[in-house]
Amino acid sequence: MFRSIKAKITIISVFLSLTITLLAVSFFYYIFDSNLKKNLIRSTEFGLQMMMNTITEHMNQLLYLSDWGNYAEFIYQFLTSDSENKLVKLNAYQRMKEEYDTNKANDYLLRFMIGNQTDNFIQEVKFVVDGSSKDYQKATQNNYFSKLLCSPSLTWIGFIEDPLSPFETRQVIPVIRPIYNRYNTSIVGWTYLTISSTLLSDVLSQYPIAEDSQLFITFGEKTYQYKNKHFIEYTFSDIQPITSTGLYKGTLLYRVTTFDGNRVTLVSYPSSLDGWYLSKSISDTELHSQKKNYYLILLIILLISLSLCVLLMFSLNHIINRPVAQLQKKMQEISNGNFSYEAAIEWNNEFGEIGKGINSLSTNVVQLMEHRIAVEKQQKELEYQVLQSQVNPHFLYNTLNSIKWMATIQNATGIAEMTTALSRLLKSISKGTRQVIPIREELELLKNYILIQQYRYGGIITVTYKIEEELLSYQIPKFTLQPIVENAMFHGIEAKGGSGEVKIAIFSNTWYNQPGICIEVTDNGIGMAPELIEQVLSEPTQQMQYDFFRKIGIYNVNKRIQFYFGEHYGISIQSELGKFTTMQIQLPCQDAVITPSS
């Protein structure tokens, strides 16, 4: 049976799309479900930790009172003295009341009683109606009194109904601890604490839980369910421990069966109080409500996967049309003048052979154009050399030499020296193509320029040098110093009126942790304002159309230094109006390459 390539591609695309989508959704569902359960357990553990820490803190503050009697002097005197000594009893009560009132958790302490074996006792109660002279007999005749008193360590019996309350039934936690004789191990008295269950319920009531989730607290080998601010004794069945990582050390995880027969996950967080655990069952409602978000994410992933599969199908359906379209596009680009090499059209098939032919054609056209451009460039360079030869400055040298000899014959030495300096200056300008020269050559050019200017100013400007000779072999951009000295003479000293001095110093320094050269040009002219300094070092708004040297401004010099040596180098200016201006040039220590002059 005949079946087109398009049909085959469609069937394969649909099969692969569905397979990939199902595998991706299954994988992500497993990952999401696992992470969801872990996060829910960890968030439950964190909530239990916060509540248990608060409960433990309150309990520890109250338990301090149970041992306090062993250290209080007035209490010990009361327990060991004659019961008729009312002053001792009063002092002991006042001391006990102070401890009761200053305890931070006393809101949850319903009764604080201290007594001995001879019916002598004192107590502080939260409610006045709870106090009675018969409280001693009620407290000591309970079946748990002797058990707790004689226990070698603090023992919990769980919640009980307060036997000392005259009017209402309330859940309390009794704490009874002995007070020992200071000279032997005999018991001289005891402390009796009645702790209200509200200590626990006030904390647990602030923790929101789902309707199908439950809170439990375990102590005294009993477990209680917290419900409506009351604690009901509870027993689990079919308890199976679960091993889990990432939980707090001591946290326990179980699968248990509740009274109604449901299997739930129980998270139990321990307290520093011996035998205390706070537990919470994982809510199916919480689990499923958070799963809704994951279902939405999975749906988005499914839609994205299906969309990608559809795109893949269309891409495969165009497996033939695409090469043809790309070849057509390349031909259109060539017709528009784009002859770039296109590797994407050289497939390993028949269409690729056509693509290679098109690329070869484009390459040949580009090479032909580049050859044509090179020929035209060479022709322009030759025309430039011819034009340059027409203005060869040698006739200027000969003319200046003639003027110099005539001035010498006529004893006009100043004219001879200026002519010689100008001849050298012109020769430095016109010779060679080097843009970077030794500092020594730059100084020679500068000295010729200064000689001319000193004749011009009649000696009112003096120039002094302080140079480290070993630095003169290092390189500097050509025509760096002349524009700076010109600026010092014209705009610094001449504007000041009167005589002036220019100091030129060349010395070594360290710049950006590298050996460098510093050249300072200092004049005692009118100085420069900060805004003028910024303007001088900024790019000019228009090109100055003056003589050759003024085209080479400070900004130009600074940019050429940075071009040759990097952005860290260049010119900085320090000045004070009416006093001085110092232009500092930072250069690296780079030896100049000496090439023959043209």
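Visitor: What makes a residue one that Trp-276 touches?
Guide: Contact means heavy atoms within 4.5 Å. Not counting residues up to four places away in sequence, Trp-276 touches Met-52, Trp-156, Leu-200 and Phe-219, among others. This is a predicted model, in which local features need pLDDT of at least 70 and side-chain atom pairs count only at pLDDT 80 or more, while totals for chains, interfaces and linings use all residues. Side-chain values use heavy atoms, without hydrogens and water, and residues are numbered from 1 along each chain as its sequence is written.

Visitor: What is the largest nonpolar core, and which residues have the most contacts inside it?
Guide: A nonpolar core is a set of buried Ala, Val, Leu, Ile, Met, Phe, Trp, Tyr and Cys residues joined through side-chain atoms within 4.5 Å. The largest has 53 residues, and Trp-276 is one of those with the most contacts inside it, as are Phe-112 and Ile-195. Helix α1 (residues 5-68) gives the most to this core, with 11 residues.

Visitor: Why is the aromatic pair of Phe-145 and Trp-190 called edge-to-face?
Guide: Rings of Phe, Tyr and Trp (its six-membered ring) pair if their centres lie within 6.5 Å; planes under 30 degrees apart count as stacked, over 60 as edge-to-face and the rest as tilted. For Phe-145 and Trp-190 the values are 5.2 Å centre to centre and 85 degrees between the planes, hence edge-to-face. Phe-145 is in helix α5 and Trp-190 in strand β5, 45 residues apart. Helices (H or I, at least four residues) and strands (E, at least two) are DSSP runs, numbered from the N terminus.

Visitor: Is Trp-190 buried or exposed?
Guide: Buried means under 20% relative accessible area, exposed over 50%, partly exposed in between (1.4 Å probe, protein chains only). Trp-190 has 0% relative accessibility, so Trp-190 counts as buried. Phe-145, at 5%, is buried too.

Visitor: Why is Phe-563 called exposed?
Guide: Because its relative accessible area is 67%. Tyr-564, at 29%, counts as partly exposed.
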